[in-house]
Amino acid sequence: MDHKTSLQNFYLFKAMAPDEIAAVSSICEVRPLMTGDTIFLRGESATAMYFIKHGAVKIEQSGKNGDSIEVATLSSGSHFGEMAFVDGEPRSATATAMDRGELIVIPYDKLSTLLNKNPKIAVLLYRELAHFLCNRLRVTTNDLSFAKEKNLSHF
């Protein structure tokens, strides 16, 4: 399966026409993964967005005691690394391969150039990113509400 076919299966590209997906596909790179590979570390400068073609990736934060807190487990068809593309901030978590797999990598510099040259692609991508991030915020809000209720019931 080529990049173009693979990208069609990802949420962020679902509204794009074949020629628009082809344009995005032209800037993609493929990265093989081995179990335990570090994709990026919390605090690092961000340079790319990642799409899991095959495999699984663990997203982790460090707790106050230095212990690892698993934030999410992502599998084929998922993407990550989009927040830093939007806000330019360093990585907010660490991403590690849980098993062998393959990532489609879209470097931020190439993506920015593409979006500047293709406003329609930019609108479609940013709209899907906004929907995705809103959904993530809703889930986080529900999780925090549940955690707060649970903590209050212990007093």
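A salt bridge is a side-chain nitrogen of Lys or Arg within 4 Å of a carboxyl oxygen of Asp or Glu. The exercises below apply this definition to a predicted model. A search of the whole structure finds five salt bridges.

**Exercise 1.** Show that Glu29 and Lys110 form a salt bridge, and find which elements the pair links.

Solution.
1. The N to O separation between the two side chains is 3.4 Å. The cut-off is 4 Å, so the pair qualifies as a salt bridge.
2. Glu29 belongs to strand E1 (residues 29-33) and Lys110 to helix H4 (residues 108-117).
3. The two residues are 81 residues apart, and the pair links distant parts of the chain.
4. Glu29 has 35% relative accessibility and counts as partly exposed. Lys110, at 38%, also counts as partly exposed.

**Exercise 2.** Work out where Glu102 and Lys53 lie, and classify each as buried, partly exposed or exposed.

Solution.
1. The side chains of Glu102 and Lys53 meet in a salt bridge of 3.6 Å, N to O.
2. Glu102 is in strand E8 (residues 101-107) and Lys53 is in strand E3 (residues 48-54), so the bridge ties together parts 49 residues apart in sequence.
3. Buried means under 20% relative accessible area. Lys53 has 16%, so Lys53 is buried.
4. Glu102 has 23%, which makes Glu102 partly exposed.

**Exercise 3.** Classify the two partners of the salt bridge between Arg127 and Glu128 as buried, partly exposed or exposed.

Solution.
1. The closest N and O atoms of this pair are 3.7 Å apart.
2. Arg127, at 40% relative accessibility, is partly exposed.
3. Glu128 has a relative accessible area of 4%, so Glu128 is buried.

Note on methods
Residues numbered from 1 in each chain as written. Predicted model: local features only at pLDDT ≥ 70, side-chain atom pairs only at ≥ 80, totals over all residues. Heavy atoms only, no water. Helix = DSSP H or I, 4+ residues; strand = E, 2+ residues; numbered from the N terminus. Buried < 20%, exposed > 50% of the residue type's maximum accessible area, 1.4 Å probe, protein only.
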